[in-house]
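Reader: I am new to this structure and would like to go through its aromatic rings and a few of the residues around them. Could you take me through them step by step?

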Amino acid sequence: QAQLVESGGGLVQTGGSLRLSCVVSGPPFSRYIMGWFRRAPGEERELVTRIQRNDGSTYYADSVKGRFTISRDNAKNTVYLQMNSLTPEDTAIYYCAAATQSSPYYASQYSYWGQGTQVTVSS
């Protein structure tokens with residue numbers, strides 16, 4: 001029922017920044033808890049960050065705390081991921097995902113997914 005489309009990925013040097021966007025269509029966007037996952041080559045998807053509905057409560061993986069910021073604009077049906085101080089370890093495909101249950105951590109707890117956008121960080 002919901003469709004998610006990510007954009008904003010690309011190639012950036014170490015220390016640079018990127019801003020990812022995810023536009024959601026379908027049921028009211030404000031119903032969803034939104035998350036960003038990433039999958040590095042040969043690895044499983046991991047939860048990077050998550051944002052609740054209207055209260056804006058967030059979760060960040062330890063590896064990105066202080067560097068990444070998730071935000072949402074319910075009026076625009078869009079969630080963002082601002083990524084600063086990027087390192088090669090951040091290289092991955094980044095996925096936007098939507099969930100309806102509280103505090104979702106695992107990929108299986110998210111109901112809808114985008115197709116991903118590639119982020120590559122060079123030394």
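This is a predicted model: local features need pLDDT of at least 70, side-chain atom pairs count only at pLDDT 80 or more; totals for chains, interfaces and linings use all residues.

Author: Rings of Phe, Tyr and Trp, the last by its six-membered ring, are taken as a pair if their centres lie within 6.5 Å.

Reader: How are the rings of F37 and Y110 arranged, stacked or edge-to-face?

Author: Planes over 60 degrees apart count as edge-to-face. The ring centres of F37 and Y110 lie 5.0 Å apart and their planes stand at 85°, so this pair is edge-to-face.

Reader: How many residues apart are F37 and Y110 in the chain?

Author: F37 belongs to strand β4, residues 33–39, while Y110 lies in the loop between β9 and β10.

Reader: Is Y106 buried or exposed?

Author: Y106 forms an edge-to-face pair with Y105, with the ring centres 5.0 Å apart. Y105 is partly exposed at a relative accessible area of 41%. Exposed means over 50%, and because Y106 has a relative accessible area of 55%, Y106 is exposed.

Reader: Where is D90 found, and is D90 buried or exposed?

Author: D90 is found in the loop between β8 and β9. Buried means under 20% relative accessible area, and since the value for D90 is 1%, D90 is buried.

Definitions and conventions
Residues are numbered from 1 along each chain as its sequence is written. Side-chain values use heavy atoms; hydrogens and water are left out. Helices (H or I, at least four residues) and strands (E, at least two) are DSSP runs, numbered from the N terminus. Buried means under 20% relative accessible area, exposed over 50%, partly exposed in between (1.4 Å probe, protein chains only). Rings of Phe, Tyr and Trp (its six-membered ring) pair if their centres lie within 6.5 Å; planes under 30 degrees apart count as stacked, over 60 as edge-to-face and the rest as tilted.
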